[in-house]
Amino acid sequence: MERKRLQIEHAPHCSHKSKLVKLADKLYNLRDLNRSTPKGWSEKRVQEYFQWASQVVNGLRGTNVVMEKHLDQLFKERGVLA
């Protein structure tokens, strides 16, 4: 929980390159979760991951419009406000 909280807190203060990497990582992870839920993960855990990822992405906004658009679509499909 602490690691996740720190990611949300630090995201807006990262370098532009770090933000690009973080956006790409979140996009890959969320797409992967949509394709295949990891063994042992409940739907609730997947939804919580999406909610947390949206908070991280909010701190990265303004970095790459294309990736942010794709992420927003994933959040919308899950009913998560970005």
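Buried denotes under 20% relative accessible area with a 1.4 Å probe, protein chains only. The model is predicted: local features need pLDDT of at least 70 and side-chain atom pairs pLDDT 80 or more, while totals for chains, interfaces and linings use all residues. Residues are numbered from 1 along each chain as its sequence is written, and side-chain values use heavy atoms, without hydrogens and water.

| Helix | Residues |
|---|---|
| H3 | 43-58 |

Thr 63 is placed in the loop between H3 and H4. Thr 63 counts as buried because its relative accessibility is 12%. A polar atom of the Thr 63 side chain lies 2.5 Å from the backbone oxygen of Leu 60. Leaving aside residues up to four places away in sequence, Thr 63 touches (heavy atoms within 4.5 Å) His 16, Lys 19, Leu 20, Leu 23 and Glu 68.

The lining of the largest pocket includes Met 1, Arg 5, Trp 41, Tyr 49 and Trp 52. H1 and H3 are the elements that give two or more residues to this lining, and H3 gives the most, with six residues.

Notes: Helix = DSSP H or I, 4+ residues; strand = E, 2+ residues; numbered from the N terminus. Expected span 1.5 Å × (residues − 1). Buried < 20%, exposed > 50% of the residue type's maximum accessible area, 1.4 Å probe, protein only. Polar contact = N/O pair within 3.5 Å; in protein donor to acceptor, adjacent residues only side chain to side chain. 1 Å grid on protein atoms, 1.4 Å probe; cavity = no way out; pocket = protein on both sides within 12 Å on 5 of 7 lines; lining within 4 Å.
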